[in-house]
Each structure stands twice: as structure tokens, then as C-alpha cells.
Amino acid sequence: MLVPDRDAVIDRIETRCYEVPTDRPESDGTFAWDSTTIVVVYAHCGPETGLGYTYGPRAVASVIADLLTGVACGFDALAPARAWEAMHAALRNAGQGGIGAMALSALDVALHDLRARLLGVALVRAIDGVRDDVAVYGSGGFTTYGPAEVAEQLAGWAAAGIPRVKMKVAREPQADPERLAAARAAIGADTELMVDANGAFTAEHAVAWAERYREYDVRYLEEPVSQDDLAGLRHVREHAPPGMAIASGEYTWGRYDTVRLIAAEAVDIVQADVTRCGGLTELARIDALCGAHGRPLSLHCAPAIGAHAGCALDQFAHLEYFHDHVCIEGMLFDGVPPLRGGVLTPDPTRPGHGLELKDADAERFRVS
């Protein structure tokens with residue numbers, strides 16, 4: 001452990017990109033893919049190194065190298081929020097949302113990890129965790145999966161002790177009732193069934209399909225329309241069946257997107273992704289907004305990082321245990337928190353978030 005002092009400054013940053021094929025073609029209501037790219041960033045302070053990452057295109061690495069590295073280097077490694085403000089300002093002309101927000105998020109996570117490692121404590125302790133573990137929901141059920149495949153995947157999560165599971169809908173809506181029926185039969189009556197339309201519907205169609213989903217005791221409808229359609233989200237929320245929560249926010253690039261969702265009364269549950277929303281520094285601000293307005297906060301994807309983040313959120317509801325990211329993080333990193341009884345528990349004995357890239361295993365997926 002490096003003894004913290006005035007000379008503990010960020011002195012070097014590097015990035016790597018990895019493209020990992022999915023185990024089969026996947027799609028949701030509005031997108032299809034057969035691989036996932038993860039951008040990994042290292043922040044160095046003398047002999048100590050922090051690690052962060054985001055799921056985004058290789059262009060994220062260019063933004064980090066071209067716009068953020070020169071800004072972050074030289075800042076106090078024990079004060080990530082100071083570096084965050086400077087980096088966010090540096091993105092003004094290039095764009096503080098989208099790829100810019102992903103780049104900032106990945107580097108911010110690396111800086112918080114670096115700080116915790118310098119202090120010799122787990123990240124969950126360094127960011128003032130208020131709980132020891134986080135509840136998750138199983139997430140997958142892609143629209144490329146037929147009824148039998150959906151049933152098998154969701155039943156597996158239920159059998160592992162996860163009390164809530166989510167599937168994709170809305171690419172071919174007429175096929176969804178059979179898929180939903182198979183899912184409900186497989187998971188039983190006691191497991192919560194959630195659906196995600198990924199913005200595929202108009203507001204009126206979303207309301208109509210929400211009524212159909214009620215037949216399968218669906219209690220959570222995510223992104224029925226685009227997150228940008230605040231009026232549409234509010235319409236769905238106002239007309240959805242009683243007891244069905246409307247959620248959105250996975251494309252939140254910072255606190256002001258959250259402000260807009262809340263001010264429009266567009267959602268029952270706010271979402272955010274620590275690898276997209278500005279990192280741990282900005283996520284804490286989003287949590288405060290949710291607390292001020294009485295909204296629960298659900299974390300989107302990236303479960304190995306989200307487990308630490310969720311432990312520090314007052315308004316935390318649950319964390320998405322997303323099939324693709326679970327596979328990738330297990331393949332590429334040592335120190336991934338194991339799933340036990342429907343929760344993830346960060347290891348309090350490992351400095352930082354405890355993740356270490358398995359270089360030899362990762363190398364075959366590396367791209368320039």
C-alpha cells in the first residue's frame with residue numbers, strides 16, 4: 001500500500017478494448033447484436049493501479065486518450081471528484097453525453113478504485129457503503145429466444161434463488177404471449193416477472209400491451225417507449241395497469257437526465273448505469289435526487305461494478321444481473337462477486353473493487 005501524501009497524483013492512464021462474441025445471436029425490441037465491446041481503463045499512481053470499464057464502442061478509448069488523459073493526470077489520486085469536474089468540463093465541445101459520458105464513467109470508476117487501493121480498503125468501504133450486499137434480478141430472455149429457451153434461462157435464475165427475472169419483448173409483439181406464458185409457467189407464481197421493450201412501442205401501443213402483460217402477472221415494464229419521449233413515458237405510467245411499475249433511465253448520461261425523468265413524472269423507478277451515467281461520482285448525485293423525490297433507483301448492467309455501487313445508494317432497489325455482462329466479467333476478470341441466494345456481496349477484504357484483468361484469457365478478445 002502506498003502511504004497517501006501530497007505526492008499521490010495520477011501519473012498515467014491507459015486503455016484496452018476487448019470484443020467478446022455472444023454465445024448466440026441476440027436481440028431486443030429495437031437492436032440486434034452478436035458481440036459486445038468492453039473498454040477497460042487503467043489509472044496509475046506510482047506502483048498502484050485502479051481499473052474501470054464501460055460497455056461501449058472502441059471510440060470510447062479514443063475519447064479517453066484524446067480528451068481526458070491529459071486533464072486527469074496530475075490530479076490528486078485521493079480526490080476523484082476534483083478530477084471528474086475537470087474531465088466533464090473538457091468534454092463540453094465533444095459532447096458530455098453518449099460516448100463522452102461512457103469515457104468519463106470508465107475513468108471515474110478507475111479513479112475511485114485507485115483511491116480505495118491507495119487507502120488499502122475495499123471500494124464499498126471507500127464510498128461509504130450502507131449495506132453489505134445487493135439484490136439482483138436475472139436479465140436476458142432475448143427476443144431471439146423462443147418460448148423454450150426463455151423458460152429455461154429464467155427458470156435457472158429462479159432456481160438459483162433470484163426472486164425476480166426479466167425478459168425482452170416487443171420485436172415481434174404477437175409472439176410475446178406464448179413466450180410470456182412459457183416464462184410464467186417455468187418460474188412459478190412466486191417469482192416476479194419483468195419485461196423490457198427497449199423503446200419499441202408508441203405510447204398507445206405500450207398501454208395496450210401492458211394490459212396483455214398483466215395476464216402473466218408482469219409487475220415491471222421497462223422503457224415501453226424511448227427514454228427521450230418523456231410525454232409518452234408519462235402517458236404509459238398514467239394508464240398502465242395498477243401495480244405495474246414503469247422504469248427507464250439506462251441511457252441517463254448524468255444527473256440532469258434524471259431531473260428530466262422525475263420532473264416529467266415519467267417513471268415509477270429510475271434507472272442508471274454506473275458505466276454510462278458519469279461513474280460513481282455522478283451516480284451519488286443521481287441517488288440524492290431520487291431520495292429527494294421519493295423514487296427508487298435500479299442499477300443497469302455491469303454487475304461486478306454495480307455490486308459495489310449499489311451498496312452505497314440510499315435509494316437502491318436492485319441491480320441488473322445481465323446475461324452478457326455476467327459472462328464477460330466472469331471470463332475477463334478475477335474477483336467478480338459470486339451470486340449467492342439472489343444477492344451479490346463485494347469482498348470486503350480485497351482492496352478496491354477487487355477486480356483484476358486476466359490478461360492471458362482476455363488477450364484473444366483484444367482489438368486495437
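Biologist: Why is Asp 128 called exposed?

Modeller: Exposed is the word for over 50% relative accessible area, buried for under 20% and partly exposed for what lies in between (1.4 Å probe, protein chains only). Asp 128 has a relative accessible area of 58%, so exposed it is. Bear in mind that this is a predicted model, where local features need pLDDT of at least 70, side-chain atom pairs count only at pLDDT 80 or more, and totals for chains, interfaces and linings use all residues. Residues are numbered from 1 along each chain as its sequence is written, and side-chain values use heavy atoms, with hydrogens and water left out.

Biologist: And what makes the backbone of Asp 128 worth a look?

Modeller: Most residues other than glycine have a negative phi. Asp 128 isn't a glycine, yet its phi is positive, near 60°. You'll find Asp 128 in the loop between α4 (123-126) and β4 (134-140). Helices here are DSSP runs of H or I with at least four residues, strands are runs of E with at least two, and both are numbered from the N terminus.

Biologist: Is Cys 301 buried or exposed?

Modeller: Cys 301 is buried, because its relative accessible area is 4%. Phi of Cys 301 is positive too, near 55°, and the residue sits in the loop between β10 (297-299) and α11 (303-311).

Biologist: How do you know that β1 and β16 pair?

Modeller: Two strands pair if DSSP finds at least two bridges between them. Strand β1 (residues 12-27) and β16 have 2 bridges, in the antiparallel sense, so they qualify. Cys 17 stands opposite Val 367 in β16.

Biologist: What is the order of the strands in that open sheet?

Modeller: The 4 strands go β3-β2-β1-β16, with antiparallel pairing. At the edges stand β3 (48-55) and β16 (366-367); each has a single partner strand, so one side of each lacks a neighbour in the sheet.

Biologist: What joins β1 to β2?

Modeller: A hairpin, through 4 residues. The two strands run antiparallel with 12 bridges, and Arg 16 faces Val 40 in β2. Then β2 and β3 make a hairpin with 2 residues between them, where Gly 46 in the turn has a positive phi of about 60°. That pair has 8 bridges, with Ala 43 opposite Gly 50 in β3.

Biologist: Why is β2 called largely enclosed?

Modeller: Because 11 of its 14 residues are buried. Helix α12 (residues 323-332) also lies across β1, β2 (32-45) and β3, at about 130° to β1.

Biologist: Which way do the side chains of β8 point?

Modeller: In a regular strand the side chains alternate between the two faces of the sheet. Strand β8 (residues 245-248) sends Ala 245 and Ala 247 one way and Ile 246 and Ser 248 the other way, and all are buried. Strand β7 (residues 218-222) pairs with β8 in the parallel sense over 3 bridges, putting Glu 222 opposite Ala 247.

Biologist: Now the helices: why are α1 and α3 called oblique?

Modeller: Axes are lines fitted to C-alpha atoms, for helices over the stretch in contact, and angles run from 0 to 180 degrees between N-to-C directions. Under 35 degrees counts as roughly parallel, over 145 as roughly antiparallel, 65 to 115 as roughly perpendicular, and the rest as oblique. α1 (59-72) and helix α3 (residues 99-119) pack at about 60°, with axes 9 Å apart, and are therefore oblique. The α1 residues in contact (heavy atoms within 4.5 Å) include Val 63 and Leu 68, and those of α3 include Met 102 and Leu 107. That contact has 11 nonpolar residues, 1 polar and no charged. Nonpolar covers Ala, Val, Leu, Ile, Met, Phe, Trp, Tyr, Cys and Pro, charged covers Asp, Glu, Lys and Arg, and the others, Gly among them, are polar.

Biologist: What makes α2 roughly perpendicular to α10?

Modeller: The axes of α2 and helix α10 (residues 279-292) come within 9 Å and cross at roughly 95°, which means roughly perpendicular. Ala 81, Trp 84 and Glu 85 of α2 touch Thr 281, Glu 282 and Arg 285 of α10. Those residues divide into 2 nonpolar, 1 polar and 3 charged.
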